[in-house]
Amino acid sequence: MKIHLIGIGGIGVSALAQYYLSKGHEVSGSDLVACEITDFLKNKGVKIFIVNSTENIKQDLDLVVYSPAVKKDNPELLQAKSYKLKAISYPEALGELTKEYYTIAVAGAHGKSTTTSMLGLLMEMAGLDPTVIVGTKVKEFGDTNFREGKSKFLVIEACEYDSSFLKYSPNIIIITNVDKEHLDFFKTFANVKKAFRDFIVRLPKDGFLIFNQDSKYIPKFKNQKFKTVGYSLKQKDSKELKNILKVPGQHNVSNALAVLQVARILGVPDKISFKSLSKFSGTWRRFEIKQGKVGTKKVTVISDYGHHPSEILATLKATREKYPNKKIWCVFQPHQHQRTYYLFNDFVKVFRNVKIDYTIITDIYDVAGREVKKINRDVSSEKLVNKIKKENIKYFPIDEAEKFIKTKIKSGDILVVMGAGDIYKLVDRF
């Protein structure tokens, strides 16, 4: 088949491109800007176009897949439809794959990528040879977001945004937690909870729901056809996991507990499960640690994707737990004006209460296609800092933030670089 993917630089679509490539299909794709993902795919044999143009869509294409971020008036999408080509969204394409495999879907507001990676690696060690599609790069998968497997098992990260996960047909669902997230789409927490309920009831009779009993919201069903398995930090396994995990924080113990429940359902011996989990060293931009330098000063730099108040709290608590006697700096780039607007008070509460020595909040990362002009005017990082009202929390544009930190940071200090936008580029400057 000849397959073209619009928005191929995205973390999800790029994994799907690799899946198609592994099946011997001829794959091409386009995006508006080049990035390390598009460069990686090009080296793997994908024909990459760094432009959206009608010329990229040929009449002999068998399938066109487009990212949820692609607008309806995208020239390539319009051209595909004018040629009457099969054109489906990324969630629809992934949904088709889930019907071909025994699918384990990892959903939740936070912890999806880490849990999906943990599970994929555990199943690999157990000889179950899964295909894995995940929203981060995993070193053990060749520093990419896809693993080609030969078995019946497919492990996927199932995002709730735009109710995308309602296109999937899983056999096992993990719900890591349910939180006030993607309110630009859902508007209310009640709608978030409804979407998760609608997703869960897609399970078949012989399916399994693995859910976090410590979550703010625990779905309850009467006379459900599937089996439910809960997990909690209160269970005895959590103590052993905390002792063996390389990745810090109670949230990672919780993620590992979810994986352990699935492993037991699949018949994996605990000995193999604990061994695999003890070897897990994390993934790209999830508490990723490197040693940095500022002149002659040696500092520890942590790159983290956290962008929701709950994630920020979990990561910074884990940092303090790992480095109890060190001076900790955090530079945070809010992700999306709408998220900052809807969760403004939650951000204020977290930054007021978290025990970090110095925090810099830089400009909000603008998410193309997911912003509203009025909200953009009503919210800013400066307003957030002014509302927090703490002497050790300042606003700086990114370039000034870098200069300030490099001037003030001391040898031995810890620097957390946090956000889901392009803030990760700052890591390489230390």
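**Helix packing and an aromatic cluster**

Helices α9 and α10 are roughly antiparallel to each other, a label given to angles over 145 degrees. The model is predicted, so that local features need pLDDT of at least 70 and side-chain atom pairs count only at pLDDT 80 or more, while totals for chains, interfaces and linings use all residues. Residues are numbered from 1 along each chain as its sequence is written, and side-chain values use heavy atoms, with hydrogens and water left out.

**Helices α9 and α10**

- The axes of α9 (residues 250-265) and α10 (residues 270-279) come within 10 Å and cross at roughly 150 degrees, and the crossing is right-handed.
- On α9 the contact (heavy atoms within 4.5 Å) is made by Ala-256, Val-259, Leu-260, Ala-263 and Arg-264, and on α10 by Asp-270, Ser-273, Phe-274 and Leu-277.
- By class, this contact has 6 nonpolar, 1 polar and 2 charged residues.

**Aromatic pairs**

- The structure holds 16 aromatic pairs, a pair being rings of Phe, Tyr or Trp (its six-membered ring) with centres within 6.5 Å, stacked if the planes are under 30 degrees apart, edge-to-face if over 60 and tilted otherwise.
- Tyr-19 and Tyr-20 form an edge-to-face pair, at 6.0 Å centre to centre and 70 degrees between the planes.
- Tyr-19 also pairs edge-to-face with Phe-146, the centres lying 6.3 Å apart and the planes at 90 degrees; this pair links helix α1 (residues 11-22) with strand β8 (residues 144-147), across 127 residues.
- Ring pairs link Tyr-19, Tyr-20, Tyr-101 and Phe-146 into a cluster.
- Tyr-19 counts as buried (under 20% relative accessible area) at 5% relative accessibility, as does Phe-146 at 6%.

Notes: Axes fitted to C-alpha atoms, helices over the stretch in contact; angles between N-to-C directions. Helix = DSSP H or I, 4+ residues; strand = E, 2+ residues; numbered from the N terminus. Parallel < 35°, antiparallel > 145°, perpendicular 65-115°, else oblique. Left-handed = near helix turned anticlockwise from the far one by under 90°. Nonpolar A, V, L, I, M, F, W, Y, C, P; charged D, E, K, R; others polar. Buried < 20%, exposed > 50% of the residue type's maximum accessible area, 1.4 Å probe, protein only.
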